[in-house]
Amino acid sequence: MDTMINMWTVVEHVRVASSAAELAIFTAILYWFFTSSRVADMLEVVGERVGGWCGGVRESSSLRQVARARRRQNTDVYAKLDNELATRASSLYRLKEGPQVPPPQPETRPPAGLACSRCAPLSRDSWKDPKTEELGSVINILNIGRQTFANGGVVSRYLCDLAQCVHLIKYDYKDVLPSVMKDEHFQRAIEDTTREELKTKANGKHAGEKTYASVRKRVEAHAMKVLQDISSSMSNNVLRLVAWLCHKAVRRIAGGGCGTRSACVERLRRAKAAGLPLVFVPLHRSHFDYILVTFTLYLTGLRPPLVAAGDNMRIPFFGWFLRCCGAFFIRRRVDGSEYHGDPVYKSALRAYILNSLSANNNLEFFIEGGRTRTGKPQLPKAGILSVILDAYLDGTIDDALLVPVTLNYDRLVDGNFVREQLGMPKQMETFWSAFRGIWRTLNTNHGSIRVDFNQPISLKELVTSFQKYNYLKAPVETPLTPLNNNLAVNLDRQILYNHSHSSLFGADVSTEQKMMVEAIGRHLVYDAAQSTALMCTNVVSYVLLTEQRKGCSLSVLQASVEARGKALKLAGRDLGYTGDSHLVVKRALDTLGAALVRGAGAGGAGGAGGAGAAREVRAVGAVPAALELAYYANALVAHYAASAVLATALESIVHNKNTEEVTVRHSELMEAALQLSEILSQEFILCAPCTRIEERLLEALRELISQEILVETQTPDVLQEQRWSQKFARTFDDDDDDRPDPTRLIKYKLSKTPEAIAERRRLLQTIRPLLEAYSATCRGLRDAPQKELVGSTLDSLLESFAQNKMIYGEAVSTDAIKNCLRLLRQWGVIEMYTDNRERKVRICPPYKNKSNIDDICANIHKFNIDTPLLK
């Protein structure tokens, strides 16, 4: 009994305690309810409504305020709340009655990568959304998963990258090797190769059936080996794994993220619905490009393409990863050498590409061939593009959509190309070199990355347009020569002719088709170069090598970078950075590092008006530093190439004139500019092939006049000549080419303002390093192996730089020397041949005489003038 009583007592105590706890919790809830700001606001509104209905409460107060005034008139807490409510009411009144200030809008950018209005007007209008205006907003593809799974479960929110990769679309990639083996061209190539080997083996004797069968079997085995080496093995599981690894790697190496334009992605989605294969044509800067384009497309919901990769990337482990991500490996040189002329390989590559497109696969290939070693866009290689064009012309495919792609980095992921520019041999990729490169990259901040896609362009529309340009189809009788007096008529056609010899089909393709492939390729490279987002390191490097080459204070550098950015925006270029100028410069200097810029680094780029503003900043003068800095600056050099050509031609004319008032004839200036355009035809694509080079130079001339660098002189003779030419033109038909040029009496006068002189100096220094390298190449020209000739020219440039005879360290460039040799070969001054697998240079007989070759090289030397403007 006592036990039961004790238990009952305990239960009673527990019940009392629990009741007290419940009462305390209920009281706390009531206290929170009536003191919470949200509930108080709700009660405030309810009180006002009730007061309004009852009419028993003053207009300026509420039921709750009346209750507070009656019960707690001296409470500071409620007085504070009343003051806050009064302040809130007055603020709302001011917002309603005052002027409406719109919220800050995101920075708009120029339309990215629109198709050419001359060549592809239908493509230009087809893939845009007519209901929305493109503002140029950039999205960070690394944040897509975070935004998608922001409202998901706990696991999805914390593992958003993994969740996104798991939910990526799974595509069906058909094995095309059986179709390739049945391809008619491939089987014909096997048969032709078999018969050629039989002829060589039989040596004029009749071969038996056993011999034919054995040779045929060996050739087929070789063909299957070629196909297996080429083909990719796209795997959705590996793609998802690589996408997850790329999330982690890009977040580590790109502190600024990886951006792409949202409008570009929307265009590609609309183009995908057309049912035509998409052929992505990126400019090549880094080995990381292979993964980055696929990574961007995959994360944005688009089908990853098959990627044409060089066979040097077929290294253990990493090559397998690339193959599973869609890479198919091609030889670096397919034609043009007796060691690579394999008809079975050419037909296998052609059949693999066409069957991949027929299987609804997208395709990606780097039209420049290899990575650019200078930072400038390279001239196109026509191999794969010629396959696609040939497939369209013979009806194998109805059409294809070509998509130029641009990539840019604040800091290059692959390091620099200084060793190769100084003549050292290229190091072949191995497993350990790739591993060391990846490890070094993962421990370095490379800033921001931009991947942008231009408008898809119909191949059918491009072919139709280029067939209308008669000046590209006229017969070419002679190659480019330095003595050509009619460059305005022949230059565009001859440049295409001299660069259109590479093809997967060799001599079987007509000259007209080769020139069309070259023209389309140059158009794609030009479009991609013009739409490349310019990073802060590009702009700062260019300013340091041109405008402020002798050094300047940090505040002056900030002002120059800001002014250059505004000028680029006005020119329609997209800047891949935002922010105040002092922050932009600090970020660029920190990214470039003290090895490239003296005065950079921690504390060297203080805020505006800080102690660092007076510190001198200048480019490091050593040759390796100048070459690496020039790599980043060359993105802007390509943009200003036409204006720089015109300014350099102008300086070559006025240099020998000693009069106070220097005037230049229009015809004289244009002739010199066209000659220099011919000299630099290996370096730049000044304009799209649908635009005459003379038109582009005239546009640059108008820009110089608008900037008041040149002043057009209006003389009575000019006006009289114009009136006479108009009257003369009405007398004859429009096709008569004998009437006089109405611009032959137009003259220009140089402006002597400090701003005009500084602008001329900047344009001169834009291309001056190239002219220094070209002049040194001409001075050292002789019969010798190409490697030896390039090495001696590099030594000559290094010696001139060490003796301060030449201040441009970036002129010590293997690429510039080789391009000058190609130009001299086109002029017929030298010829190149292969002897015992060694490339050699030989001067042609007409120029064995020193005076003759000096006359030819004078066409280059006259533009490399020693002008006081650069001193």
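Biologist: Is R522 buried or exposed?

Modeller: This is a predicted model, and in it R522 has a relative accessible area of 6%. Buried means under 20%, so R522 counts as buried.

Biologist: Which residue does R522 form a salt bridge with?

Modeller: Here's the general idea: side chains of opposite charge can pair when their charged atoms come close. In this case the partner is E518, and the closest N and O atoms are 3.6 Å apart. E518 is buried too, at 2% relative accessibility. You'll find both R522 and E518 in helix α22 (residues 511–530). They sit 4 residues apart, about one turn of the helix.

Biologist: How many salt bridges does the structure hold?

Modeller: There are 33. One of them pairs R118 with E695, with 3.0 Å between the closest N and O atoms. That pair links distant parts of the chain, 577 residues apart. R118 lies in the loop between α4 (76–97) and α5 (121–126), while E695 belongs to helix α29 (residues 693–706).

Biologist: What are the relative accessibility values of R118 and E695?

Modeller: R118 comes out at 43%, which makes it partly exposed. E695 is partly exposed as well, at 32%.

Biologist: Which residue pairs with D835?

Modeller: That's K840, and the closest N and O atoms of this salt bridge are 3.2 Å apart. D835 is partly exposed, with a relative accessible area of 30%.

Biologist: Which residues do salt bridges that share partners join into one network?

Modeller: Look for E191, R195, R216 and E220: shared partners tie these residues together into one network of salt bridges.

Terms used
Residues numbered from 1 in each chain as written. Predicted model: local features only at pLDDT ≥ 70, side-chain atom pairs only at ≥ 80, totals over all residues. Heavy atoms only, no water. Salt bridge = Lys/Arg side-chain N within 4 Å of Asp/Glu carboxyl O. Helix = DSSP H or I, 4+ residues; strand = E, 2+ residues; numbered from the N terminus. Buried < 20%, exposed > 50% of the residue type's maximum accessible area, 1.4 Å probe, protein only.
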